[in-house]
Each structure stands twice: as structure tokens, then as C-alpha cells.
Amino acid sequence: MNADDVPQEGSPTYGGHLKAVYARTDDGRLGLVQSRGWEAEETVTRQAVQVFEELAANALERVRAGKSSPLEAHMYRARMDIALLAQASGFWRWQVRRHLRPTVFARLSKTLRARYAEALGIATDQLDIAD
């Protein structure tokens, strides 16, 4: 795509910010060009957010039923999946999956809980509350 062809329709999800995209500049090289977004990207972003909201609602039901730990609900609220939470917190994926079990989560040390809280961007004491 040429720099002049980069869509500038404007996207409410950007919140007034611009996004850098690669496009071919006038001299034929790839370079960064600012974009205000476009409709197709807006639609896909809204659909992805909706999926994570549904996952969070389902996780909250599992937490209330005692089938999952509050970590799962927080993970989806932060728009993360197991792989991303593992990467952000420094745990292996199998450890994150294990910590989604309520009995295992209840035994986590303050240090491990603090790692999750930091990765999720919440206070450590909020980690136990799923609502």
C-alpha cells in the first residue's frame, strides 16, 4: 500500500490517537505512516472485544460455581488468554492453567499473586475478587 492510500477514516477505538502502519513512501521504500484507522479494523476490534467480554462473563459464572479461580475472570477482563498471561507474568502456560483451578489458586503465595496482579494491572488484593 502506498503512503497516500493509507486509510484515514477515523476510528473511535483509537480514542483520538494515531496508529503507525507500514506503507510504501514516495521514494519506494517502506516507512511508517500515521493512520486514524478505518472501518474494517474498527469492526474486527469491536468483535474481538465482544468475544473477550463473553469469555469474562462465562468465567465469572465458573468462578461463582467454584469451578475456576478468579484469575480466569481477571485474565479475560484484561483481554488476555493463557499464553499472553503466561508471557506477561513469567509463568509457564501449564502453570497458568494449573492456577486456574480454585484449590491451587487458593494456595498461591503472596509473591506469585503479586506477579499475576502486576501482569493484569490490578492490585494484589483485587485478585481474589472476581466481581
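Here are some notes on the model, point by point.

1. Ground rules. This is a predicted model, in which local features need pLDDT of at least 70 and side-chain atom pairs count only at pLDDT 80 or more, while totals for chains, interfaces and linings use all residues. Residues are numbered from 1 along each chain as its sequence is written, and side-chain values use heavy atoms, with hydrogens and water left out.

2. Helix α6. Helices here are DSSP runs of H or I with at least four residues, strands are E runs of at least two, and both are numbered from the N terminus. In α6 (residues 110-120), Arg113, Tyr116, Ala117, Ala119 and Leu120 are buried (under 20% relative accessible area; exposed is over 50%, partly exposed is in between, with a 1.4 Å probe and protein chains only). Looking down the axis of α6, those buried residues fall within an arc of 165°, so they line one face of the helix (the arc is taken over directions from the helix axis to the C-beta atoms). Lys110, Thr111 and Glu118 are exposed on the other side of α6.

3. What α6 packs on. Its buried residues pack against α2 (70-77), α3 (82-89), α4 (93-99) and α5 (102-106), contact meaning heavy atoms within 4.5 Å. Gly121 comes after α6 and has a positive phi, near 75°.

4. His99. This one sits in helix α4 and is buried, at 5% relative accessibility. The His99 side chain makes a polar contact with the Tyr116 side chain at 2.6 Å (N or O atoms within 3.5 Å; within protein, one must be able to donate a hydrogen and the other to accept it, and residues adjacent in sequence count only if both atoms are side-chain atoms). Setting aside neighbours within four places in sequence, His99 also has contacts that include Ser69, Phe91 and Val104.

5. His74. Over in helix α2, His74 is buried too, at 9% relative accessibility. Its side chain reaches the backbone oxygen of Ile129 at 2.6 Å. Beyond neighbours within four places in sequence, the contacts of His74 include Leu120, Ile122 and Ala130.

6. Salt bridges. The whole structure has four of them (a side-chain nitrogen of Lys or Arg within 4 Å of a carboxyl oxygen of Asp or Glu). Glu41 pairs with Lys19, with the closest N and O atoms 2.4 Å apart. That pair links distant parts of the chain, with Glu41 in helix α1 (residues 39-64) and Lys19 in strand β1, 22 residues apart. Glu41 is buried at 16% relative accessibility, whereas Lys19 is partly exposed at 32%.

7. Two more pairs. Arg46 bridges to Glu42, closest N and O atoms 2.5 Å apart; being four residues apart in helix α1, they are separated by about one helical turn. Glu72 bridges to Arg62 at 2.4 Å between the closest N and O atoms. Glu72 lies in helix α2 and Arg62 in helix α1, so this pair ties together parts that are 10 residues apart in sequence. Glu72 is buried, at 8%, and Arg62 is partly exposed, at 31%.

8. A nonpolar patch. Tyr22, Leu30 and Leu32 form one on the surface, with about 390 Å² of accessible area together. Patch members have over 30% relative accessible area and no salt bridge; like charges are joined within 9 Å, nonpolar side chains (Val, Leu, Ile, Met, Phe, Trp, Tyr) within 5 Å. Areas come from Shrake-Rupley with a 1.4 Å probe, and for residues only the protein chains shown count as cover. Tyr22 belongs to strand β1 (residues 19-24) and is exposed, at 61%.
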